[in-house]
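Please read it alongside the sequence and the structure.

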Amino acid sequence: MCGAKCQGGTLVSADFDPVLIAALQSARRITVLTGAGVSAESGIPTFRDALTGLWQNFDAHTLATADAFLGDPSLVWGWYEWRRSQVLAAQPNAAHRALAELARRVPQLSLFTQNVDNLHERAGSVDVQHLHGSLHHPRCFDCAHPFVLPDGIPEEPAGGWRVPAPKCQACGGLVRPGVVWFDEYLPADILDGAFNSSRSSDLLIVVGCSGKVDPAARLPRDAKKAGRKVIQINLVESALDGVCTWNLRGRAGELLPELIRQAF
Ligand code: APR
């Protein structure tokens with residue numbers, strides 16, 4: 001664990017393990033896995049946070065399924081449009097920018113995220129692999145034809161966020177959010193890519209993941225089994241602590257920039 005020194009809640013310095021710094025400096029290939037904790041500092045509630053405000057009477061697990069959508073398309077489409085409006089109104093934070101910077105410092109970095117927002121892309125990361133899909137790429141529920149969202153930030157409609165799901169321009173079917181729901185499989189090509197990448201990288205860096213959600217939570221365990229070093233950044237102890245080589249306790253938006261400052 002790093003000894004992060006804080007003054008009034010602001011990180012003033014962190015004395016990272018020199019072996020960790022050396023591993024970062026010598027890494028030719030790094031794989032990064034991010035979770036909701038990376039977007040939390042942009043004001044996006046993590047998935048484990050109780051749903052607040054408009055959605056306080058709902059449980060994400062009962063909204064984020066194909067059955068829930070078919071049962072009440074306007075409610076589920078509205079929930080995702082509300083989340084999309086939150087993301088578009090938010091800004092990438094120092095953690096997103098630090099990961100984009102790290103990609104410019106090492107020969108090869110592959111970024112996989114459980115997050116469905118576009119904050120990594122807006123911070124400058126390229127080729128971001130979304131394991132759980134994206135709020136920004138809806139498609140037809142029936143024919144999978146991509147749906148082009150209107151520009152700008154969705155405004156709350158006069159009648160509230162229960163808004164009719166759009167119709168597919170190709171077949172007239174209902175347009176659904178482009179995210180992976182609880183009763184669905186992750187995109188196999190991206191998941192395979194994540195396992196191959198974390199097994200063959202010098203370092204796997206896991207940031208803001210609870211380690212409670214498979215199959216993504218298996219990546220650190222798989223990397224360790226392949227003899228790779230794993231760095232975890234999390235505010236608190238997570239289900240991954242036991243498999244990580246280094247567990248850095250603190251805010252991603254503080255520890256990641258400091259780690260890169262000390263290493264490069
Ligand atoms: N810095 C670092 N870590 C943080 C921060 C922060 N500022 N804020 C929160 N965290 C950590 C929390 O301690 C927690 O361990 O981020 C983690 C967020 O956990 P989850 O909410 O479970 O999010 P995640 O691990 O990404 O799993 C959510 O599973 O439910 C599905 O599809 C859904 O993508 C979503 C995923």
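**Aromatic contacts and backbone features**

1. The structure, which is a predicted model, contains 4 aromatic pairs. One of these is formed by phenylalanine 69 and tryptophan 181, whose rings are tilted, with 5.6 Å between centres and 35° between planes. The angle falls in the tilted class because stacked planes are under 30 degrees apart and edge-to-face planes over 60.

2. Phenylalanine 69 and tryptophan 181 are both buried.

3. Another of the aromatic pairs consists of tryptophan 79 and tyrosine 80, in an edge-to-face arrangement with a centre-to-centre distance of 4.8 Å and an angle of 65° between the planes. Tryptophan 79 and tyrosine 80 are each buried.

4. Which residues do the ring pairs link into a cluster? The members are Phe69, Trp79, Tyr80, Phe141 and Trp181. The two pairs described above, Phe69 with Trp181 and Trp79 with Tyr80, thus have their residues in this cluster because ring pairs connect them, a pair requiring centres within 6.5 Å.

5. Arginine 83 is placed over the face of tryptophan 79, 4.8 Å from the ring centre. Arginine 176 has its charged end over the ring of tryptophan 181, at 3.9 Å from the centre.

6. Turning to the backbone, most residues other than glycine have a negative phi, and most peptide bonds are trans. Against this background, the peptide bond between aspartate 214 and proline 215 is cis, with omega at about 0°. Proline 215 is located in the loop between strand E8 (203-207) and helix H9 (218-225).

7. Aspartate 127, although not a glycine, has a positive phi of about 55°. Its location is the loop between helix H7 (119-122) and strand E5 (129-130). Is aspartate 127 buried or exposed? Its relative accessibility is 61%, so aspartate 127 counts as exposed.

8. Alanine 144 also is not a glycine, and its phi is positive at about 65°. This residue occupies the loop between strand E6 (133-140) and E7.

Methods: Residues numbered from 1 in each chain as written. Predicted model: local features only at pLDDT ≥ 70, side-chain atom pairs only at ≥ 80, totals over all residues. Heavy atoms only, no water. Phe/Tyr/Trp six-rings, centres within 6.5 Å; stacked < 30°, edge-to-face > 60°. Buried < 20%, exposed > 50% of the residue type's maximum accessible area, 1.4 Å probe, protein only. Lys NZ or Arg CZ within 6 Å of the ring centre and 35° of its normal. Helix = DSSP H or I, 4+ residues; strand = E, 2+ residues; numbered from the N terminus.
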